Amino acid sequence: MGRVASGRASGPIADNQRVFSIAVSRVQHLHLLAQALFLDFEGSLQMEDQRQLNKIFLQDFCNSDYIISPLDKHETQRSSVLKLLSISYRLVESWEFPSHSLSGGSSPRNQVPSKLSELKMGILLLIRANQDGAEMFSDSSPLQLAPYGNYYQSVADDESLKRTYELLACFKKDMHKVETYLTVAKCRLSPEANCTL
């Protein structure tokens, strides 16, 4: 293992932990941004609209629900680092196109596509560093999700309200998943850590 002048380890494990720390920090930022965008949007609605949209969203599902992922914290704990990284990669990748509709208005909103792109690149680096000859994804087919719930079709105002709500709620949900998966994966690679959720 190499050493740098300051005496810190500079080998693959230290580099891997550094990249993990950056990725976790980036996804935490995106998750907080997603929460803020969702709360801002929800706060701009009338109380009755909030109730109706909440009911509808509980019945609907997110486009990314097609990505097979752990169902609960126990399954997350049992998943391999590579599996958690691969699922995180697919979740982030699923937002590349829809994230552009989150842009506009405030400066933080405009950062979403570039932050997602940076996060995706970091996760890809982690996947490559943790592969050990394994295939990146259990199935070799590329991720092909339909445009986000026909979000981009021209719709009436009330339908647009519903779609914006769904988009923001799903973005928040998926960034929470990615944050959880990356945090667990990072913890697993840290010898002194206790990785309970």
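**Salt bridges, core and disulfide in an all-helix chain**

Glu 93 counts as partly exposed because its relative accessibility is 22%. Partly exposed lies between buried (under 20% relative accessible area) and exposed (over 50%), with a 1.4 Å probe and protein chains only. The model is predicted: local features need pLDDT of at least 70, side-chain atom pairs count only at pLDDT 80 or more, and totals for chains, interfaces and linings use all residues. Residues are numbered from 1 along each chain as its sequence is written, and side-chain values use heavy atoms, with hydrogens and water left out.

The protein chain has 7 helices and 0 strands. Helices (H or I, at least four residues) and strands (E, at least two) are DSSP runs, numbered from the N terminus. Along the sequence the pattern reads α-α-α-α-α-α-α. Of the 197 residues in the protein chain, 41% are buried. The accessible surface comes to about 11200 Å². Carbon and sulfur atoms hold 52% of this surface. These areas come from the Shrake-Rupley method with a 1.4 Å probe; for residues, only the protein chains shown count as cover. A contact means heavy atoms within 4.5 Å. Among contacts with a separation of 6 or more, 78% involve residues 24 or more positions apart.

The whole structure was searched for salt bridges, and 4 were found. A salt bridge requires a side-chain nitrogen of Lys or Arg within 4 Å of a carboxyl oxygen of Asp or Glu. Glu 93 and Lys 120 form one of them, at 3.8 Å from N to O. This pair links distant parts of the chain: Glu 93 is in helix 4 and Lys 120 in helix 6, 27 residues apart. Lys 120 counts as buried because its relative accessibility is 16%. Lys 120 also forms a salt bridge with Glu 96, where the closest N and O atoms are 3.1 Å apart. Here too the pair links distant parts of the chain: Glu 96 lies in the loop between helix 4 and helix 5 (99-102), 24 residues from Lys 120 in helix 6. Glu 96 is partly exposed, at 30% relative accessibility.

Another salt bridge joins Asp 65 to Lys 173, with the closest N and O atoms 2.9 Å apart. Asp 65 lies in the loop between helix 2 and helix 3, and Lys 173 lies in helix 7, so the pair ties together parts that are 108 residues apart in sequence. Asp 65 is partly exposed, at 31% relative accessibility. Lys 173 is partly exposed, with a relative accessible area of 31%.

The search of the whole structure for disulfides finds 1. A disulfide is a pair of cysteine sulfur atoms within 2.5 Å. Cys 62 and Cys 170 are joined in this way, at 2.0 Å from S to S. The link is left-handed, with -90 degrees about the S-S bond.

In soluble globular proteins, nonpolar side chains tend to be buried together. The largest nonpolar core here has 44 residues. Such a core is a set of buried Ala, Val, Leu, Ile, Met, Phe, Trp, Tyr and Cys residues joined through side-chain atoms within 4.5 Å. The residues with the most contacts inside the largest core include Leu 116, Phe 171 and Val 178. Helix 1 (12-43), helix 4 (81-94), helix 6 (107-130) and helix 7 each supply at least two residues of this core. Helix 7 gives the most, with 12 residues.

Phe 171 touches Leu 30, Ala 34, Trp 95, Leu 102, Val 112 and Leu 116, not counting residues up to four places away in sequence. Val 178 is placed in helix 7. Val 178 counts as buried because its relative accessibility is 0%. Neighbours within four places in sequence aside, Val 178 is in contact with Val 27, Ser 88, Leu 91, Val 92, Leu 119 and Ile 123. Val 178 and Arg 90 are 88 residues apart in sequence, and their C-alpha atoms are 9.6 Å apart in space.
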